[in-house]
Amino acid sequence: MSLTKLKIKDNIKITQNDALLIVDMQYDFMPGGSLPIKEGDKIIGLVNQLGEHFNKEKGIIILTQDWHPPNHLSFASNHPNKSPGEIYQSKGIGPVLWPDHCVQGTNGASFHKNLRTDYAKKIFRKGIDSRTDSYSAFRDQLKDKETGLREYLIIQNIKRVFICGLALDYCCYYTAMDGIEFSFDVFFIIDATKGVDVPKGHISSAIKNMKKNGVKFVNNESFQ
Ligand code: VGL
Ligand code: ZN
């Protein structure tokens, strides 16, 4: 599934029942960080523009932050004889092991200084339990503990969730899929995200799966 074959919705008018979810715009996911995503920093301007638009139209802006303890089991360094990028699947962890990243309180875990965080009403942190990853902003990979995002969206009467940020095929993808499972109308802002593509082909299977499950795709020009 190539990006060019995606059907892009347009004429989207943002209201107070819409949320913009800005996922993991942290230094460790930017070029020069410990888990760098190619051109991760190139989307900052666009994400800020989206934030401004949603803010102007009374939508709610929410940030997420990957926030791991140093002993997190998604880190290769916490397993004997394992390297980052190695395939590894166990309950709540995988499909690969990662370099140490977004360790609580470190510079790598903080938001890029050019990201406008002032629009955000809430920040949800995830990946705090060392035993399980939490790619989704809604809950961990074991699907047994929620972050509170779903409840917050319901209380705020949010019906549509627009997702942008990093990484397309991990945190954005799992967040989108949970959004669908939790009955939100989910929109993926395809030009305001970048993927890791580990293992190879991961981005295209993520896009295919989202399409199959009813995630809609928009871009920066889709908004009125
Ligand atoms: C992410 C890998 C590990 C992400 C977080 O934000 O997409 N990816 N932790
Ligand atoms: Zn992580």
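Tutor: A residue counts as buried when its relative accessible area is under 20%, and as exposed when that area is over 50%. The model discussed here is predicted.

Student: Are F138 and F184 buried or exposed?

Tutor: F138 lies in the loop between β3 and α2, and F184 in the loop between α3 and β5, 46 residues apart. The two rings form an aromatic pair, with 6.0 Å from centre to centre. As for accessibility, both F138 and F184 are buried.

Student: What kind of aromatic pair do F138 and F184 form?

Tutor: A pair of aromatic rings is described by the distance of the centres and the angle of the planes. Planes under 30 degrees apart count as stacked. The planes of F138 and F184 are at 20°, so this pair is stacked.

Student: Is S183 buried or exposed?

Tutor: S183 lies in the loop between α3 and β5. Its phi is positive, about 70°, although S183 is not a glycine. The relative accessible area of S183 is 66%, and the cut-off for exposed is over 50%, so S183 is exposed.

Student: Is D24 buried or exposed?

Tutor: D24 is in the loop between β1 and α1. D24 also has a positive phi, near 50°, in a residue other than glycine. Its relative accessibility is 0%, so D24 counts as buried.

Student: How are α3 and α4 oriented to each other?

Tutor: Two packed helices are described by the angle between their axes and the distance between the axes. The axes of α3 and α4 come within 10 Å and cross at roughly 15°. Angles under 35 degrees count as roughly parallel. The helices α3 and α4 are therefore roughly parallel.

Student: What is the handedness of the crossing of α3 and α4?

Tutor: The contact involves residues of α3, including Y170 and Y173, and residues of α4, including I203 and A206. The crossing of these helices, α3 and α4, is left-handed.

Student: What is the relative accessible area of F162?

Tutor: F162 is in strand β4. Leaving aside neighbours within four places in sequence, F162 is in contact with several residues, among them I12, L20, F54 and F187. F162 is buried, with a relative accessible area of 0%.

Student: Which residue is joined to A167 by a cis peptide bond?

Tutor: A167 is in the loop between β4 and α3. The cis peptide bond to A167 has an omega of about -15°, and the residue at its other end is L166.

Terms used. Residues are numbered from 1 along each chain as its sequence is written. Chains are lettered from A and ligands numbered from 1 in the order in which they are written. This is a predicted model: local features need pLDDT of at least 70, side-chain atom pairs count only at pLDDT 80 or more; totals for chains, interfaces and linings use all residues. Side-chain values use heavy atoms; hydrogens and water are left out. Rings of Phe, Tyr and Trp (its six-membered ring) pair if their centres lie within 6.5 Å; planes under 30 degrees apart count as stacked, over 60 as edge-to-face and the rest as tilted. Helices (H or I, at least four residues) and strands (E, at least two) are DSSP runs, numbered from the N terminus. Buried means under 20% relative accessible area, exposed over 50%, partly exposed in between (1.4 Å probe, protein chains only). Axes are lines fitted to C-alpha atoms, for helices over the stretch in contact, and angles run from 0 to 180 degrees between N-to-C directions. Angles under 35 degrees count as roughly parallel, over 145 as roughly antiparallel, 65 to 115 as roughly perpendicular and the rest as oblique. A crossing is left-handed if the near helix is turned anticlockwise from the far one by less than a right angle, and right-handed if clockwise. Contact means heavy atoms within 4.5 Å.
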